[in-house]
Amino acid sequence: MAKSVAGPEIEKLIQLLAKLPGLGPRSARRAALHLVKRREQLLTPLTAAMAEARDKIGICSTCGNIDSRDPCTICTDHARDQATVVVVEDVSDLWALERAKALNAAYHVLGGVLSPLEGVGPEDLTIRQLIDRIEAGGVKELVIAVNATVEGQTTAHYIMDRLEGLDVKVTRLAHGVPVGGELDYLDEGTLAAAMRSRTAL
Amino acid sequence: MSEPAKLPATLEPPRDAHAPGSLPSSRVETLRVGDFRNYSVLDLAFESGFVVFHGNNGAGKTNLLEALSLLSPGRGIRRATYGEMARQGGSGGFLVRAGIVSNETATLVESRLPPPGGAPASRHLRIDKTVARTADELLEVCRVLWLTPAMDGLFTGPAGDRRRFLDRMVLAVDPAHGRRASDYERAMRSRNRLLSEDRMDDVWLSGLEAQMAELGVAMAIARRELTRMLTAKIAEAASASPFPAARLELSSGYELADFSTAAVETEEEVRLALRRSRGIDRAAGRTREGAHRADLAVYFAAKNMPAALASTGEQKALLIGLVLAHAQLVAQLSGFRPILLLDEVAAHLDPGRRAALFDLVALLGVQAFMTGTDAALFEALAGRADMISVASTSER
């Protein structure tokens, strides 16, 4: 990085901003300059918001979601079907499903996927908590909504196996034709998956 | 889908198959390279079905073929890293942009390596200015096939090279094959890691083995299908081709499974075999059986002799025959006339076979880019080819 021209404070700010996903050193410099220029409108409220987030936001001990309450808003929402639990890899997936308003259910965030190559094992995920949650009763259906990657599918397989003998219905997201997709443009793997998981009309 | 050109029954193909007005239906019309290998910036336009780059050793002929090979998924004809493709003394990044006409549709394909800066070096791909999600999207624009001097030792060299050659052939007709192969590789490496770390977690290993079985069997079936269709194409062309016919023998890499049963049963069989071999695989430090151990044995059909025993020239001729049969298959199955990159091919052929190669390419209706040190090698193409003289900056 070039020699600092504005003092170590701004350099430190730039370095930290550059660690954010989607930002590189160049956009971090722009963001830092932007913040410093708008001290009152942006920098002060952002500092306060970040301090508040740091103090108040934590991880829900039931489902692994992030919230300022524990148990989180979703876990305590009685308008939701708490007997149906959607298992996702990460909070970002939970948000994606919530944005889609796909299902009015509860969630379980695994905190990642099994990956020997990345050194992530079952003990690093919230699988134990998931089993405990089901054994505690009240969960009727588990929807496995992990990504269709090697690691995601291995994790799904692992969870299904661990659930054997427990009184819970296990389903998984359908794989296949995207909404608005044309068959002609789909690859063979997707088409075969769609055909395998066809449903009655 | 257009019908593929049939090879003639006799050895006298029409001389005017590449006459003006009958350009290959899939072709590269323009190429711009920037900061690529020895080129700071170069613009080329192609007007014929044959394009010949001629010039001295080290002038940069193969570099142009390498640029064209980036129109295909993967790291091109040299399998180099993208960083190596960037010009020495340049920005550290490069640009390759090609204007392609395919079945009367014009497409602009751009591969760009951003100058180094933290992120892992991968190319950014744009197709008609839209960011491509994966390199496999290139297969919807064109299919590029190649033959390079590095492939000369294919029949005598390691099985890994033949497997890669086989998988590239499968990929050209079945775009899902690349994803399948990389997922299989990842699942296998994950299982190897668990075994080497002595984590004999039965449930976890079963999950990985189930995927290895599903992906591996799909790969084996795709390879077998390609071998079968290629064998049929070779037989169809054998009587007319000046190149010796190959007999292909695929070994799947699986000892138990014979693939005569339904895929689902084979998968189950493979899954159980993997389960049984955990101990052996752990001791060996690798997975002993599977799609990653496949091999393609090639024989001279007429003599029933392993290709590896023939002379270098005969092996080359056999390989050319194989690549041309594959080109024909790709045209038939994908609806794209593939684009052929033939690096230093002409020099190894006697004049009769050389002329026959040109005629076959013309008959197939594909665009071929060829290199050679001497323009005279391509005399038989007079009037049919773009002859482009390549000279390095130091020579100019």
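Reader: How many Å separate the centres of domain 1 and domain 2 of chain B?

Author: The model is a predicted one. In it, chain B is divided into domain 1 (24-143 + 336-396) and domain 2 (155-311). Across their boundary, 11 residues of domain 1 of chain B are in contact with 10 residues of domain 2 of chain B. Taken over C-alpha atoms, the centres of these two domains of chain B are separated by 30 Å.

Reader: Is A:Trp95 buried, partly exposed or exposed?

Author: A:Trp95 is placed in helix α4 (residues 91-100) of chain A. Together with A:Ile57, A:Ile59 and A:Ile66, A:Trp95 forms a nonpolar patch on the surface, with about 410 Å² of accessible area in total. The relative accessibility of A:Trp95 is 47%, so this residue counts as partly exposed.

Reader: Which residue forms a salt bridge with B:Arg162?

Author: Side chains of opposite charge can pair when their charged atoms come close. B:Arg162 has a relative accessible area of 10% and is therefore buried. In its salt bridge the closest N and O atoms are 2.8 Å apart, and the partner is B:Asp295. The pair links distant parts of the chain, 133 residues apart, from helix α3 (residues 159-173) of chain B to strand β10 (residues 295-300) of chain B, where one finds B:Asp295.

Reader: What is the relative accessibility of B:Arg191, which meets B:Glu209 in a salt bridge?

Author: The N to O distance in this salt bridge is 2.9 Å. B:Glu209 lies in helix α5 (residues 202-237) of chain B, and B:Arg191 in helix α4 (residues 177-196) of chain B. B:Glu209 is buried because its relative accessible area is 1%. B:Arg191 counts as buried too, and its relative accessibility is 0%.

Reader: About how many degrees is the positive phi of B:Asp198?

Author: B:Asp198 is in the loop between α4 and α5 of chain B. The side chain of B:Asp198 meets that of B:Arg282 in a salt bridge (2.3 Å, N to O). Although B:Asp198 is not a glycine, its phi is positive, at about 60 degrees.

Reader: Is B:Arg37 buried or exposed?

Author: B:Arg37 is found in the loop between β1 (26-36) and β2 (39-45) of chain B. It is not a glycine, yet B:Arg37 has a positive phi of about 50 degrees. Buried means under 20% relative accessible area. At 19% relative accessibility, B:Arg37 therefore counts as buried.

Conventions. Residues are numbered from 1 along each chain as its sequence is written. Chains are lettered from A and ligands numbered from 1 in the order in which they are written. This is a predicted model: local features need pLDDT of at least 70, side-chain atom pairs count only at pLDDT 80 or more; totals for chains, interfaces and linings use all residues. Side-chain values use heavy atoms; hydrogens and water are left out. Patches are made of residues with over 30% relative accessible area and no salt bridge: like charges are joined within 9 Å, nonpolar side chains (Val, Leu, Ile, Met, Phe, Trp, Tyr) within 5 Å. Accessible areas come from the Shrake-Rupley method with a 1.4 Å probe; for residues, only the protein chains shown count as cover. A salt bridge is a side-chain nitrogen of Lys or Arg within 4 Å of a carboxyl oxygen of Asp or Glu. Helices (H or I, at least four residues) and strands (E, at least two) are DSSP runs, numbered from the N terminus. Buried means under 20% relative accessible area, exposed over 50%, partly exposed in between (1.4 Å probe, protein chains only). Domain bounds come from an automatic or database domain assignment. Contact means heavy atoms within 4.5 Å.
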